[in-house]
Amino acid sequence: MKRISLTQYLVEEQRLHNSIPAELRLLIEVVARTCKTISHAVSKGALGEVLGSAGSENVQGEVQKKLDVLANEMLLEANEWGGHLAAMASEEMETIHPIPNRYPKGEYLLLFDPLDGSSNIDVNVSIGTIFSVLKAPEGMQEPTEQAFLQPGVKQVAAGYAVYGPQTVLVLTTGDGVNCFTLDREMGSWVLTQRDMKIPEDTKEFAINASNARHWYPPVKRYIDELQAGETGPRGKNFNMRWIASMVADVHRILNRGGVFMYPADAREPDKPGKLRLMYEANPMAFIVEQAGGKATNGKQRILDIQPAKLHERVAVFLGSKNEVDKVTGYHVDA
Ligand code: P6P
């Protein structure tokens, strides 16, 4: 197969579909280049003296790992000077990060979870970076949090990197989903899977079953059905997989189908779930829908949700179309 680099892919997409303006292409290439740097730091593990906690907490109240902080700083520094952004927002930062006055401003807003699944870092399980790109509102003078509060349908690009046995970058700009694998010798991203599609049916599901006693009835009903085996209502056995790293679970689903669930549950009745809408659920929902799957919060399409806060949480059901329809139906009927 002729090797196509990320740059060549982006240039050809612009030529064929006029869908990736130069500024957006620059943005994607800067993020992709930073993911290479993060991958290098992650792969050093204990040799890089980057494991363990940073001794601080993020806005979510989660203990920050040294690599969480490092990855966040890498993305901020790499994207500040290019002139393609108006501002950035991150899971690791309470407020938005405007582009410093010494640099030119652009028309895009970049949101990211710099190192998703970081509880897995110290035990060498796959982790990753998730990013989402919005356009700044027309005529915006000074970037505000309000400028970021756009529904997921407004995203112009989204992607994730998985730092696993291979380092891969999965990307959509609204014209399908493509996967690039990092060629470490050459230091380049090579197109390895074009136009990925999620199977509409599956025999795998992903949920943290240790929360089973806290699940609300629609989730209990659905999981009981999946676990009833060949003699149950589904007439087949389903396997459960849970890596506790969203990028790794979603990448498996993108490749062989499945349904990923992080529902609201009785542990925090006032919260809609653990995952964040703006830089976890929205980018993953955009990718999953572009690959023929579905993504809801149990009641509505995730990409239609109007955010009220930057770090807003949301319940997530995403993956194989027919399974997401089924579990969503149980919520709507409840
Ligand atoms: P739990 C990682 O912390 C994360 O945000 C997602 O990557 C992952 O799917 C989920 O939380 C894991 O949550 O409660 O199973 O540890």
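## Helices α6 and α7

How are α6 and α7 oriented to each other, roughly parallel or roughly antiparallel? This is a predicted model. In it, helix α6 covers residues 246-256 and helix α7 covers residues 277-290. They pack at an angle of about 10°. Angles under 35 degrees count as roughly parallel, so α6 and α7 are roughly parallel to each other. Their axes are 11 Å apart.

Look next at the side of α6 that meets α7. Met246, Val247, Val250 and Leu254 come from α6. Glu280, Met284, Ile287 and Val288 come from α7. By class, this contact of α6 with α7 has seven nonpolar residues, one charged residue and no polar ones.

## Helices α1 and α2

Two packed helices are described by the angle between their axes and the distance between the axes. Helix α1 spans residues 6-17, and helix α2 spans residues 22-44. Here the angle is about 165°, and the axes lie 11 Å apart. That angle makes α1 roughly antiparallel to α2. The crossing of α1 past α2 is right-handed.

Which residues of α1 meet α2? They are Leu6, Thr7, Leu10 and Val11. Their partners in α2 are Arg25, Ile28, Glu29 and Ala32. The contact of α1 with α2 holds five nonpolar residues, one polar and two charged.

## Helices α2 and α3

Helix α2 also packs with helix α3, which is made of residues 66-80. The angle is about 150°, with the axes 10 Å apart. Angles over 145 degrees count as roughly antiparallel, so α2 is roughly antiparallel to α3. Again the crossing is right-handed, as α2 passes α3.

On the α2 side, the contact is made by Leu27, Val30, Val31, Thr34, Thr37, Ile38, Ala41 and Val42. On the α3 side are Leu67, Leu70, Ala71, Met74, Leu75, Ala78 and Asn79. The contact of α2 with α3 includes 12 nonpolar residues and three polar ones. No charged residues take part in it.

## Around the ligand

How many residues surround the ligand? There are 13. The closest are Asp116, Asn208, Trp242, Met246 and Tyr262.

A polar side-chain atom of Tyr262 is 2.6 Å from a ligand oxygen atom. For Asn208, a side-chain N or O atom lies 2.8 Å from an oxygen atom of the ligand. For Trp242, the distance from a side-chain N or O atom to a ligand oxygen atom is 2.9 Å.

Note on methods
Residues are numbered from 1 along each chain as its sequence is written. This is a predicted model: local features need pLDDT of at least 70, side-chain atom pairs count only at pLDDT 80 or more; totals for chains, interfaces and linings use all residues. Side-chain values use heavy atoms; hydrogens and water are left out. Axes are lines fitted to C-alpha atoms, for helices over the stretch in contact, and angles run from 0 to 180 degrees between N-to-C directions. Helices (H or I, at least four residues) and strands (E, at least two) are DSSP runs, numbered from the N terminus. Angles under 35 degrees count as roughly parallel, over 145 as roughly antiparallel, 65 to 115 as roughly perpendicular and the rest as oblique. A crossing is left-handed if the near helix is turned anticlockwise from the far one by less than a right angle, and right-handed if clockwise. Contact means heavy atoms within 4.5 Å. Ala, Val, Leu, Ile, Met, Phe, Trp, Tyr, Cys and Pro count as nonpolar, Asp, Glu, Lys and Arg as charged, and the others, Gly among them, as polar. A residue is near a molecule or strand if one of its heavy atoms lies within 4 Å of it. A polar contact is a pair of N or O atoms within 3.5 Å; within protein, one must be able to donate a hydrogen and the other to accept it, and residues adjacent in sequence count only if both atoms are side-chain atoms.
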